[in-house]
Amino acid sequence: MAAPPPRRQTPASAGLARRLYAEGVPIAEICARTGLSTGAAYHWIDREVDADGTIRVAPIGRRASKTFLPRPDAPPRTRLLARLWRAAERQVADIEARVENAAPREGGGAAAPRLAADAEKDARALALIARTVRELVAAEDDAAEKPRKDADDTVRDLDEFRRELARRLERLREDDAAPGDPLPS
């Protein structure tokens, strides 16, 4: 029979993350103070760690987010753009927290060693986020310009249509006044 898998060690900051969240500290600051990623922070926020190391699941109610949330009746594109912005902001916050934890501490405390592979992974992620943000800005600009342009074109086309209709009706009336002329084609 195989040995049970080794038990993951509880980070020392797990209890701190839970306590800070209960005090109302923003999740980004909790991640910066504890060195946990956003996902890990929420994982430990939902667990109580007893003095003997026993872990119990005890979720804390989630706070309302203060980020931009589009109205439910907003167009799907607007809702998608808002979700993409929030995802990009979360990724940047996670990377900033990892870089902050790898920076040398004041007072001579040693920082946790940072692997070159992790640094390269973060650099690639930041490049991808930058490209995504650039495309999001372009998409938002397109979305903002397109309705105005379409609305203006529709009004111009409608006005032109009315003028053309009025001209044709006027020609029909004139033709009707001259009974011997053939009908216009």
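User: Leaving aside neighbours within four places in sequence, which residues is Ala88 in contact with?

Analyst: The model is a predicted one. Ala88 sits in helix 4, residues 76-102, and is buried, with a relative accessible area of 9%. Neighbours within four places in sequence aside, the residues in contact with Ala88 are Ile129 and Val133.

User: What distance separates the C-alpha atoms of Ala88 and Ile129?

Analyst: Ala88 and Ile129 are 41 residues apart along the chain.

User: In what order do the helices and strands of the protein run from the N terminus on?

Analyst: The secondary structure comes to 5 helices and 2 strands. From the N terminus on, the order of the elements is α-α-α-β-β-α-α.

User: What percentage of the residues in the protein is buried?

Analyst: Buried here means a relative accessible area under 20%. The protein has 185 residues, and the buried ones make up 17%.

User: At what angle do the axes of helix 1 and helix 3 cross?

Analyst: Helix 1 covers residues 14-22 and helix 3 covers residues 38-45. Their axes come within 8 Å of each other. The two helices are roughly perpendicular, and the crossing angle is roughly 80 degrees.

User: How many nonpolar, polar and charged residues are in the contact of helix 1 with helix 3?

Analyst: Helix 1 contributes Ala14, Ala17, Arg18 and Tyr21 to this contact. Helix 3 contributes Tyr42, Trp44 and Ile45. By class, the residues of the contact divide into 6 nonpolar, no polar and 1 charged.

User: Is Arg18 buried or exposed?

Analyst: Arg18 is found in helix 1. Leaving aside neighbours within four places in sequence, its contacts are Trp44, Ile45, Asp46, Arg47, Glu48, Ala58 and Ile60. The relative accessible area of Arg18 is 14%, and the cut-off is 20%, so Arg18 counts as buried.

User: Which residues of helix 3 are buried, and within what arc do they fall?

Analyst: In helix 3 the buried residues are Thr38, Ala41, Trp44 and Ile45. They line one face of the helix, because seen down its axis they fall within an arc of 130 degrees.

User: Which residue follows helix 1, and what is its phi? Which one follows helix 2?

Analyst: Gly24 follows helix 1, with a positive phi near 95 degrees. After helix 2 there is again a residue with a positive phi, here near 80 degrees, and that residue is Gly35.

User: Which residues touch the most other members of the largest nonpolar core?

Analyst: In soluble globular proteins, nonpolar side chains tend to be buried together. The largest nonpolar core here has 13 residues. Helix 1, helix 2 (27-34) and helix 3 each give two or more residues to this core, and the largest share, 4 residues, comes from helix 1. The members that touch the most others are Ile27 and Ile30.

User: Which residues is Ile27 in contact with, leaving aside its neighbours within four places in sequence?

Analyst: Ile27 is one of the buried residues of helix 2. Neighbours within four places in sequence aside, its contacts are Tyr21, Thr38, Ala41, Tyr42, Ile45 and Arg63.

User: Is Val57 buried or exposed?

Analyst: Val57 has its place in strand 2, residues 55-57. Its contacts beyond four places in sequence are Asp46 and Arg47, and its C-alpha is 4.5 Å from that of Arg47. With a relative accessibility of 61%, Val57 counts as exposed.

Definitions and conventions
Residues are numbered from 1 along each chain as its sequence is written. This is a predicted model: local features need pLDDT of at least 70, side-chain atom pairs count only at pLDDT 80 or more; totals for chains, interfaces and linings use all residues. Side-chain values use heavy atoms; hydrogens and water are left out. Axes are lines fitted to C-alpha atoms, for helices over the stretch in contact, and angles run from 0 to 180 degrees between N-to-C directions. Angles under 35 degrees count as roughly parallel, over 145 as roughly antiparallel, 65 to 115 as roughly perpendicular and the rest as oblique. Contact means heavy atoms within 4.5 Å. Ala, Val, Leu, Ile, Met, Phe, Trp, Tyr, Cys and Pro count as nonpolar, Asp, Glu, Lys and Arg as charged, and the others, Gly among them, as polar. A nonpolar core is a set of buried Ala, Val, Leu, Ile, Met, Phe, Trp, Tyr and Cys residues joined through side-chain atoms within 4.5 Å. Buried means under 20% relative accessible area, exposed over 50%, partly exposed in between (1.4 Å probe, protein chains only). The arc is that of the directions from the helix axis to the C-beta atoms.
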